[in-house]
Amino acid sequence: MKPPLIVAHSIPGDYPPNIANIKLKIIKEAVYKGYIELQQSDIKAVDVVEHVVKHVEDELHDNFKVMNDVLNGAGIMDGSNSTIGSVSSLSNESGSPISLARSAKDQSQYQMLVGDESVRKLRSSHSKGISIKGDQHSLSDSLVGCVCLDKFGNVSVASSNTVAKSDAGVLNDAVLPACGFYADNDVGGCSCYGNLPGSASRIGLVHRVNDLIKRDFYPVDAVKRSLNVMKERVGSNGGGVAISTGEKEIGVAFTTQRMPWAYVAMDTMFYGIEQTDKYTITLDNYRREQRK
């Protein structure tokens, strides 16, 4: 058995600190719950990444006003058998994007589905549509990515995002395998995001990260190098997270001002928002804080 690892991140960007703090709180809650779930005897990494991303989806829409002029998408991959599910251009009424992506992976003969009609047969087994509610903050763009390594050595990744409705019919990079997400038990898993449309796909961002990890780069260096290539070649900032299955390392990097992130390893949570952040808290202390 191997010690489990889990890491998640929100969208990289230069948005206000108060928004980043709300997103960080949600990310921390999600990775904590995911790590506890990983302690179960029969849990698989692919289940945990789905649950983590679903938690963030729900909490983001509870804490922010969901705009009507957005479309949702998600992707998920199981590194133990290379199965993929991806959905894009879904309205708020379709249901949980990540749960629909999981159903596309497990039930559909097609790995990538676009538009509400494409997921119609998958809806019945999933949650109701996203409600339009929240406080003073609007949610017109969002992202959550999660990578998990379970104690059996299986790695999985999941990603969920929103885009402007004006981009209907467009496959966002975040839900494109090897561009926004990818997992391979022999190498590792990665979730990345490029801030300019098409930037991640133009350089094969996540494929590039995993290729560097395969060449024995530490995950943090692999993500940094790949993001720098994207910035130099196509002029886009971004961010991402990765786990290597070989060295059991976690990497977090971004070229924007902020990116909320958190990971748990050996019963300790690491987290941050700004470039120089790397705060730590034991899970026992985190539990105590949550009870206050």
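What follows is a list of things to select and what you'll find at each one.

**Before you click**

This is a predicted model, so keep the ground rules in mind: local features need pLDDT of at least 70, side-chain atom pairs count only at pLDDT 80 or more, and totals for chains, interfaces and linings use all residues. Residues are numbered from 1 along each chain as its sequence is written, and side-chain values use heavy atoms, with hydrogens and water left out.

**Stop 1: Ser10**

Select Ser10, which sits in strand β1 (residues 5–10); strands here are DSSP runs of E with at least two residues, helices are runs of H or I with at least four, and both are numbered from the N terminus. Is Ser10 buried or exposed? Ser10 is buried, at 2% relative accessible area. The cut-offs are under 20% for buried, over 50% for exposed and partly exposed in between, using a 1.4 Å probe and protein chains only.

Now show the polar contacts (N or O pairs within 3.5 Å; within protein, one atom must be able to donate a hydrogen and the other to accept it, and residues adjacent in sequence count only if both atoms are side-chain atoms). A polar atom of the Ser10 side chain lies 3.3 Å from the backbone oxygen of Leu143. Leaving aside neighbours within four places in sequence, Ser10 is in contact with Tyr15, Lys23, Ile27, Leu143, Met259 and Pro260.

**Stop 2: Tyr193**

Tyr193 lies in strand β10 (residues 188–194) and is buried at 12% relative accessible area.

**Stop 3: Ala178**

Leu205 is also one of the residues touched by Ala178. Ala178 is in the loop between β8 (155–164) and β9 (181–184), and at 22% relative accessibility it counts as partly exposed. Not counting residues up to four places away in sequence, Ala178 touches Gly204, Leu205, Val206 and His207. The C-alpha atoms of Ala178 and His207 are 4.7 Å apart, although the two residues are 29 apart in sequence.

**Stop 4: the nonpolar core**

In soluble globular proteins, nonpolar side chains tend to be buried together. A nonpolar core here is a set of buried Ala, Val, Leu, Ile, Met, Phe, Trp, Tyr and Cys residues joined through side-chain atoms within 4.5 Å. The largest one has 49 residues, and Ile6, Val87 and Met269 have the most contacts inside it. Color helix α1 (residues 17–38) too: with ten residues, it gives the most to this core.

**Stop 5**

Three bridges join β4 to strand β5 (residues 112–114), and the two run parallel; pairing takes at least two DSSP bridges. The chain crosses from β4 through α3 to β5, and this β-α-β crossover is left-handed. To check the hand, point the strands away from you: right-handed would mean that the path from the first strand over the helix to the second runs clockwise.

Why call β4 (residues 83–90) largely enclosed by the rest of the structure? Because seven of its eight residues are buried. Helix α3 (residues 97–107) is likewise largely enclosed, because nine of its eleven residues are buried; among them are Arg102 and Lys105.

**Stop 6: salt bridges**

Search for a side-chain nitrogen of Lys or Arg within 4 Å of a carboxyl oxygen of Asp or Glu, which is the salt-bridge criterion here. How many does the whole structure hold? The search finds nine.

- Arg258 and Glu274: closest N and O atoms 2.8 Å apart. The pair joins β13 (residues 258–265) to β14 (residues 268–274), 16 residues apart. Arg258 is buried at 9%, while Glu274 is partly exposed at 26%.
- Asp47, Glu50, Arg102, Lys105 and Asp106: one network, joined by salt bridges that share partners.
- Asp106 and Lys105: closest N and O atoms 2.8 Å apart. Asp106 is partly exposed at 45%, and Lys105 is buried at 12%.
- Asp211 and Arg215: 3.3 Å, N to O. Asp211 is partly exposed at 31%, whereas Arg215 is exposed at 52%.

Note on methods:
Contact means heavy atoms within 4.5 Å.
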